[in-house]
Amino acid sequence: MSAPTATRPAPAPPNPAAAPSPWRSELRRGLAPWAGAAVLLTLAVTMGTKAAEWQGDWAGTHGLLRTTTMLLLGPLVAAAGCRQGGREHRRGTGDLLRQAVRGRRERALTALAPLVVCVVAAQFLGTAGMYLATWPYSLGGGLTWGHGLLHVADAVSVAGLTAAGFVVGRVVTWRGTALVLALGCYLLLGVSAYVDTPLGRLAPAQEPGVSEGIPALWLAPVIAVWVGGLALAALVGHLARQRLLALVPLLAAALAGTVLVQTGDDAWRTDPRAQRLVCDDGTPRICVTERHRNLLAPAGEALSGLRERLAGVPGLPERFVEERRGHRVRRDSGEVPLPSFTPLGRTVVRGEVADEAVFTWETVAGLVSPDCPDPSGGALEDVVWTYLAPAHRRNLSDPEDALRRAERYRGAEGVAETRTALEKLDRLRTLPEAERAAWLALLLAAVWWSGDAPSGSGGQDRAPLAVLAPALGAALAVGASASYGPEVEAGTVRARWWLRLWPLLALTVPAAALVALAPGADAAATVRNAVGAAGLSAGASVLAGAPLGALLGPLHAVAVWLAAPPAQGRRYEVIAWPAAGAGAPLAWVVASAVGAAGIGLWLARGPRTVRAAVG
């Protein structure tokens with residue numbers, strides 16, 4: 001009998017290969033990485049094409065990033081979510097997946113989560129890249145915690161739009177749903193962002209009316225609850241077994257939306273750095289806001305030549321100042337406005353003055369013509385402008401070009417005037433330094449204090465003193481004559497007509513003479529305006545009585561000075577003759593006719609109040 005033989009145990013079967021992670025599959029072969037790349041590419045292309053308009057300005061970068069995120073990335077991720085949600089319908093695997101171990105909710109979240117993570121990560125990465133691009137050219141200032149939290153709220157909005165699109169893609173099986181959803185999101189977000197109504201505050205990308213706004217810390221969480229609550233309600237209502245649970249995020253979103261609508265502009269406050277000034281030590285001083293403090297050196301370098309040419313000129317304004325919101329640079333404040341730094345891309349590009357010659361020329365515009373930074377200018381103004389800003393190719397900086405333009409547009413008379421202006425420019429350059437400084441001081445004083453600078457809102461080159469002073473003098477004269485006692489005691493109005501004439505001469509003539517003899521004033525236009533205003537006041541006092549009727553002249557002068565149309569023509573000269581030039585013949589005819597008729601009627605019949613007293 002043979003001994004039993006030992007048997008070897010059967011070898012264990014090899015370990016089955018571990019199933020690949022759904023995340024790994026989605027990231028390697030799914031839509032998620034492509035959607036993230038599309039988000040990055042959209043941000044890079046959109047922001048890169050407008051780089052000159054935001055690089056260096058933290059608030060500008062923040063605003064453009066949020067607008068791009070909502071108006072472009074919002075429709076993009078909604079369409080990507082819709083495409084991902086409709087994947088089972090397109091592949092025809094719905095019946096097969098319903099027999100899988102994973103439930104409906106787990107399958108949906110497995111498909112949605114990688115997509116949300118990719119698009120949100122791409123949005124954060126692109127935002128960080130844009131801020132890194134603006135940092136080397138920073139103008140100053142910076143962002144606050146409120147600005148940073150708004151980007152977190154934007155990430156919640158991006159995730160919410162992706163989830164909402166995913167739900168739409170699972171519910172609607174039509175293949176063109178993604179495109180229609182993207183167009184609808186673009187229209188909805190675009191219209192809500194630019195509608196100035198209480199409901200417009202529900203737009204996730206809401207921004208303040210000015211770039212100096214600082215968001216409140218509570219604004220970002222409220223926006224996140226508003227947008228995220230709506231998206232979560234849609235997702236819960238689609239996937240949860242108890243769909244009434246969707247009411248919880250829906251009620252939270254409704255509460256947050258109510259807060260956004262009711263708060264109004266309280267969610268933003270003015271940045272105090274936009275009001276505080278930082279100045280250098282030059283003469284005149286250059287002052288910019290604290291938000292743009294890094295522009296102080298480039299602005300000083302650009303205006304170094306202007307400062308040298310103004311050296312030694314007495315009576316200069318104390319400083320060139322960047323204009324601030326709510327603060328108007330006035331003539332008596334000793335300030336001259338600097339050219340506006342914002343929006344970027346024109347004056348300032350990437351932290352530097354784009355064109356120093358243009359910057360100097362626009363600064364001289366504020367010095368020579370404080371109320372109108374870009375007038376046509378007269379011959380003497382062109383001479384000073386060209387001397388102070390010689391590098392800018394405008395005015396008389398290029399004699400040959402100036403003569404050519406004068407011949408083309410004004411003929412022989414223009415050429416003669418231009419040659420005279422060029423001779424004055426040469427004489428100004430060759431004057432001794434002290435004499436030239438005194439001459440510039442007198443000219444700038446006349447411009448700033450005599451009313452030679454253009455004024456009003458109609459864009460006309462008209463002096464307020466030449467329009468208003470004669471009218472006020474005539475009104476006072478008519479009023480004084482109406483209350484003159486001996487006029488009533490005479491027993492008849494016609495017997496003492498000269499008693500009404502001397503107040504008119506005593507008040508109107510000196511007022512008109514003082515204005516006409518002021519430096520740079522238009523004497524002929526002042527005389528014409530005095531005659532017409534006296535006729536208006538006198539004629540109205542005959543018909544309506546004094547002193548009420550005497551106010552017609554000043555009221556007409558104020559209305560014309562403030563609202564005279566910029567277009568020249570016969571209708572302009574008839575209606576707005578006080579603001580017309582001295583060479584307007586029809587304005588002279590109208591003013592003379594009004595003056596003769598009004599003054600004649602007034603001398604013949606007297607003011608209505610005096611006639612009533614005599615009768």
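Modeller: Let's start with Cys185, which counts as buried because its relative accessibility is 13%. Keep in mind that this is a predicted model. The closest cysteine sulfur to that of Cys185 belongs to Cys82, and it is 9.5 Å away, too far for a bond. To judge that, you need one cut-off: two cysteine sulfurs count as a disulfide if they are within 2.5 Å. Cys82 is buried too, with a relative accessible area of 5%.

So where is a disulfide to be found? It joins Cys279 to Cys287, with the sulfurs 2.0 Å apart. A search of the whole structure turns up 1 disulfide. In general, a disulfide is a covalent bond between the sulfur atoms of two cysteines. The torsion about the S-S bond of Cys279 and Cys287 is about 110°, so this disulfide is right-handed.

Now for the rings. How many aromatic pairs are there? The count comes to 2. Trp58 and Tyr131 make up one of them: their ring centres are 6.0 Å apart and their planes meet at 25°, so the pair is stacked. Trp58 belongs to helix H3 (residues 58-85) and Tyr131 to helix H6, so this pair ties together parts that are 73 residues apart in sequence. Both partners are tucked away, in the sense of the accessibility numbers: Trp58 is buried at 15%, and Tyr131 is buried at 13%.

Phe341 and Phe359 also form a stacked aromatic pair, with 6.2 Å from centre to centre and 10° between the planes. Phe341 sits in the loop between strand E6 (335-337) and strand E7 (348-349), and Phe359 sits in helix H13 (residues 356-368), so the pair links parts 18 residues apart in sequence. Here Phe341 has a relative accessible area of 1%, which makes it buried, and Phe359 is buried at 1% as well.

One more ring is worth a glance. Arg528 lies over the face of Trp588, 5.9 Å from the ring centre.

Helix H6 has another residue to look at. Thr127 lies in this helix, which covers residues 104-134, and at 6% relative accessibility Thr127 counts as buried. What does its side chain reach? The side chain of Thr127 gets to the backbone oxygen of Gln123, at 2.8 Å. Leaving out residues up to four places away in sequence, Thr127 touches Leu43, Leu65 and His151.

Last stop is a glycine. Gly229 is part of helix H9 (residues 219-239) and is buried, with 8% relative accessibility. Gly229 and Gly160 are 69 residues apart in sequence, yet their C-alpha atoms are 8.3 Å apart in space. With residues up to four places away in sequence left out again, Gly229 touches Ala224, Pro249, Leu250 and Ala253.

Methods: Residues numbered from 1 in each chain as written. Predicted model: local features only at pLDDT ≥ 70, side-chain atom pairs only at ≥ 80, totals over all residues. Heavy atoms only, no water. Buried < 20%, exposed > 50% of the residue type's maximum accessible area, 1.4 Å probe, protein only. Helix = DSSP H or I, 4+ residues; strand = E, 2+ residues; numbered from the N terminus. Polar contact = N/O pair within 3.5 Å; in protein donor to acceptor, adjacent residues only side chain to side chain. Contact = heavy atoms within 4.5 Å. Phe/Tyr/Trp six-rings, centres within 6.5 Å; stacked < 30°, edge-to-face > 60°. Lys NZ or Arg CZ within 6 Å of the ring centre and 35° of its normal.
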